[in-house]
Each structure stands twice: as structure tokens, then as C-alpha cells.
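I opened this model to look up a few things and kept short notes. The entries follow in the order in which I made them.

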Amino acid sequence: MLKDITLGQYFPGNTVAHKLDPRTKIILVIVYIVALFQANGWIGYAVVTAVTAACMALSKIKPSNMFKGIRPMLVIIVLTAALNIFYTQGTPVRPGWIITWEGIARAVQMVLRIVLLISGTFLLTYTTSPIALTDGLELLMNPLKKLKVPVHEMTIMMSMALRFIPTLISETDKIMSAQKARGADFETGSLVQRAKALLPILVPLFVSAFKRADELAVAMESRCYHGGEGRTRMKQLRMQTRDYIALALGAVFLAVMFVLKRYAL
Amino acid sequence: MAEIITDKLCHVYSKDTPFEKTAIRDISLTIPQGQLAALIGHTGSGKSTFIQHLNALLQPTTGRVLLDGEDINRDKYARRDVKWKVGLVFQYPEYQLFEETVYRDIAFGPSNMKLSKDEIDERVREAAAFTGVDEALFERSPLELSGGQKRRIAIAGVIAMRPEVLILDEPTAGLDPAGRTQILDNIFRYREKSGATVLIVSHSMDDVARFAERIIVFDDGGIAMDGTPDEVFSRSQKLVEIGLNVPKAAELALALRRRNIPLPESVFTHEQLLDALLKAREGKAC
């Protein structure tokens, strides 16, 4: 049951999308989000959809995997659609109806916006390993170090958190099985009873998470970890020609979206 | 009565996805009431998947599990009730402890059974006695005790349900030699007093050679060998092929046979090896 979570899952591959420098990809995702929010007409949405589809094709990620990522957001998507359909003023679909043509159009656009937003950002995590991602983030945020922002500490905490998600999930699975073997019941009963039933999972989970954190700290210290100062990398990130091309394409995309917005297309 | 029969049991993880993996295939076994059986096999051979079917934690992809002739997956209630009859102790069970006191942790299973307070109390004390948990520890927090004590408390938590079948997944993993012997002795005492069927998953061939009435060897999701320790260890060559080691004494006997010292095939405890060696020497002297 818990194995179905695909949050931030990385699908290894050997495509251009995988090979791009993580910094490029992070910048492109930001560009993508800004561009997406410029779309306010059908042509704008069509352009963004086409770009997203092209990127998906480039990364060879199956659309079915994309939809798996979208599924948890379904409630929000449906709610947005419903609100827009019923609360937009305009010409009714039929005289006397509350639903308007404008409402339907808005709903479709809002749903598209959410779906595209999720797909675009998932493309980043699907094609970039967590380590590359945090490395890229750290380098991008490097200038902030001058302002005494603890960039290195933040990124190392992030990569550790990402690293331990699968471990904690499998641990939760194990503890759940063990408690079920002692007759614990997680599926029936009132809300309060079910919340109480979680205690036998949460307590052991926290105990082992703290223990793990302790052991990890000792292991890091015994390998002479002392923060980011003077730390070098095995794999130096270097921008390649393809990164500059990708960034240029991103700039063109953003420019197109600004122009389209200007003319409200 | 508590006889377990598995009928052509198969389990496939993540069926119909790219991650599909057959964990066990076509397992048909009969484990009669009161037997003390050992399951061996290397990591990933399907032992853990198999034992989780016996108390309906996992449902078979195909095949059935029968307890006393009845399918344990026949409905939701049967699936729940079988957990009282078939007690399963996981690997490193100390990670499941969560209550504020040792007493309440051992009582977790029985209180899920909705027993009366007196009944629960009786069972907790009985289980603690079986596993050598001192009643002086009852009001302590289980989290502040030593590893061996935690392990015993966790096993007591399952024994307190008075299971007719007790299954333990590597109950001695990570304990010192004294702790190992104690835990095993506690389990045998429970079996003796209650007549329960006991299944132990183990990696320690020396332990298995000493206590098991029957050894079931898993390999690649199926059963590679099934028989008495005599039968299984006499085919030490095959065990080595599967990638398992044999008891130290059997290993030594195998090496000696390779050097043309005539030893019988059924040597797998230290005592047997000693006897066989003495006999072999006499033979030479004649």
C-alpha cells in the first residue's frame, strides 16, 4: 500500500533530459512556472502544453507515470474545476442555468494550469537524482552564502531527508505488519479509534528514526565531516553546450509567453 | 489441533507493474500439530514472504492456506482471527515495542483480543515467565532496557496471545551466544508446555542441526529440500550448491571425506563427528 507513493521518485535514464546539468533544469523549471502563469488565452495554454509534451517525449517518461503523480492532487483539481464552473459570471449554457460558458472555459484552463504545473515540476524530479538536485540547488544558492544563509547545511539536510524517505516507508511497512500480527486494527473503527491505532506505529517509527539520525551523525563525524567549508566534490558540475542551448530555448519560450500575454491570446 | 497446510501457494509482488516479482511459487507443505520445524534459505529466497502468509498478513496470489482444514482467507473475520492462533514474531521484534510500560506492551495482543482484565493479567504473567522477563521490570519503559531484554519482551507479546502455532523469523539474530541459547530455550519451553507447533526461520545451521525435527530449505521461491536434519545435511553438497553453509561439523566432515577419510554422510553435530572420527581411526588401526 505504502509502496505506491511516487513523490519525488527518480527514474534513471540516459536521455538529454537526464544529462542536462541540474542547475539548468532548476532554472528551466522556474522559467516554466513563470511562463505558465503568463498564459491567459487558449493559444498560450496550447503553447505550454506543447512544450510540456515535447519535454516529456524527450525524457522518455511514460505519461502513465505522470498521472500517478497527479492522482494525489485529484481532490484539489476537482474542487477547482467545480468552483470555477459554478462561480463564474457570464452567459448561461442554457437560460436559467447557473453554469456559464465562461465558467466552463475557466475551469478547463485552471485544471490545465494545475496539471501542467505538476507535470512540469515532476519532470525535474523524475529525471534528476536527489543528489544531483541538491548539488544543483547548493551551487545556485551559493551567492546567498555571502548573506550568511546556511546554504550547505540546508541542502545536505534536504538530500538526507530525501535519502531516508524510502527507508522510513519500508520501516513503517514492517512495523505495521508486526503490530497487525499482534491483532492491531488500522482499518475499522471511528476516526478517534483509528487515530489511536496509529500510536503503535508512530512510537516505534520515531524511536528508530532518532536512533538512525544519531548513528548517521556519528558515521559522518567519523568520516571527518565538518560542514561545507573546504569540501570538494567527486563529480564537478560543468555546464555543457547542451545546457546553454536549453537555457536559450527556455528564454525564447518565456519571451513568446510574454508576447502572447500582451495580446491576450 | 493446529495443522497448517499450504496448497500450491504463490505470491507475486507488484503484479502487472514493471516491478513485478515472484516471491514464492507452488509451495505445498503440511506442517502437523506440534512439529518443530526450521526454515532455512538465503536472503530473498522467499522465507519471509512465506511465513507472512501463514497468519494472513499477506494474501496468496494463487493457492490456499489451510489451518485445521479451513481456508484462513475465507473472509475478513477469519483473516483477523487467525492472528490469535498463529503468532508471528518478526525479525528484530524489539522495534515494535511502543507502550509506556513493559506490562502494557505485552498486554497489547491480548487486549486486542478483547479479553477480560483478569484473563489479560494471567496471560501477561504467564508469557513473561515463559520468556524469562522478570516481573520487576513490568513498570519500566521497554525502551530503556537492553537489546536481549527487549527481544524477550517482544516475544512475550506474541506468546501472550497463546498461539497454537508460533512462527519466529530469526529470533536470535544479533544476540550474544548466551542470549541466543536463552531465547531458544524459552521458545522450546513454551512449545513443551503448550504443545504448540513451532516454525523457526534461521540462518544458523549449528542451531538448526541441534534442535529441528524437520528442515525445510527454500531456494529461489521454491522448496529445495524438506526432511529430517539427517536427510537434509547428508546432502551437504546440494546445500553448498544453493549457496547455504552447512553446520561446522558437517563442513569439517565434508573436507575430511575429500581427503579420503571414510566418514558417513550423516554427520552434522559435534558429537556425531567425534564418534565418526573415533570409528574411522579404529578402522585404520585394524
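I began with the radius of gyration of chain B, taken over C-alpha atoms. Chain B has 21 Å, which agrees with the value near 19 Å that a compact globule of 286 residues would have. The globule rule I used is 2.2 Å times the number of residues to the power 0.38. I also took the spans of the C-alpha trace along its principal axes, which are about 70 × 50 × 35 Å for chain B.

A note on the source: this is a predicted model, in which local features need pLDDT of at least 70 and side-chain atom pairs count only at pLDDT 80 or more, while totals for chains, interfaces and linings use all residues. Residues are numbered from 1 along each chain as its sequence is written, chains are lettered from A and ligands numbered from 1 in the order in which they are written, and side-chain values use heavy atoms, with hydrogens and water left out.

Next I looked up the secondary structure. Chain B holds 12 helices and 10 strands, counted as DSSP runs numbered from the N terminus (helices H or I, at least four residues; strands E, at least two).

How much of chain B is buried? I found 53% of its 286 residues in that class; buried means under 20% relative accessible area, exposed over 50% and partly exposed in between, with a 1.4 Å probe and protein chains only. The accessible surface of chain B is about 13,500 Å², and carbon and sulfur atoms make up 50% of that area. The method was Shrake-Rupley with a 1.4 Å probe.

For contacts (heavy atoms within 4.5 Å), I kept those in chain B with a separation of 6 or more, and residues 24 or more positions apart account for 63% of them.

I then turned to backbone angles. Most residues other than glycine have a negative phi. B:Asp68 has a positive phi near 50 degrees and sits in the loop between strand S4 (62-67) and strand S5 (70-71). Its relative accessibility is 30%, so B:Asp68 counts as partly exposed. B:Arg162 also is not a glycine and has a positive phi, about 50 degrees. I located B:Arg162 in the loop between helix H6 (147-159) and strand S7 (165-169) of chain B. B:Arg162 is partly exposed because its relative accessible area is 28%.
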